[in-house]
Amino acid sequence: MPFKYIIVIVGASLFFLLFTLYIILSVRGKKREALRKEEMEKMYCDKNLTTMEYDCAVYDEETEKLIRDKQAEGGQLTIDEVMASSSDDNVFQTVEKEGLEEITGNYKPE
């Protein structure tokens, strides 16, 4: 048998082997992805999540009152309105620095 036929047979069998391996890995990957998607749906399709009971923020009493009053009027309250109506000792004000502050000491890991 000539050498070129041997090369063609080996090349074709290698191609067939790699193509079969690709198909097998592709099918297994799709099954694995479907299982992951199913697990995620079970995890995140909780009845509490669909009713948005997890979707809450912690406000102080004044902010809750402002939001409640605004929603009772039928409008929507934005954070800009809350910030404008709150007092001057606002949490979100910028901190003024009086220059660089140097921290000295020795670090002793335990």
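Predicted model: local features only at pLDDT ≥ 70, side-chain atom pairs only at ≥ 80, totals over all residues.
Me: OK, new topic. How many helices and strands are there?
Reply: You will find 4 helices and 0 strands in the chain. Reading from the N terminus, the order of elements is α-α-α-α.

Me: Now the rings. How many aromatic pairs does the structure hold?
Reply: There is 1 aromatic pair. Phe15 and Phe19 form it, and their rings are stacked.

Me: What are the distance and the angle for that pair?
Reply: The ring centres are 6.1 Å apart, with 15° between the planes. The pair counts as stacked because planes under 30 degrees apart fall in that class.

Me: Where do Phe15 and Phe19 lie?
Reply: Both are in helix 1, which covers residues 3-44. They sit 4 residues apart, about one turn of the helix.

Me: Is Phe15 buried or exposed?
Reply: Phe15 has 59% relative accessibility, so it counts as exposed.

Me: What about Phe19, how does that one count?
Reply: Phe19 counts as partly exposed, because its relative accessibility is 43%.

Me: One more thing: which residue lies over the face of Tyr5?
Reply: That would be Lys4, at 5.9 Å from the ring centre of Tyr5.

Conventions: Residues numbered from 1 in each chain as written. Heavy atoms only, no water. Helix = DSSP H or I, 4+ residues; strand = E, 2+ residues; numbered from the N terminus. Phe/Tyr/Trp six-rings, centres within 6.5 Å; stacked < 30°, edge-to-face > 60°. Buried < 20%, exposed > 50% of the residue type's maximum accessible area, 1.4 Å probe, protein only. Lys NZ or Arg CZ within 6 Å of the ring centre and 35° of its normal.
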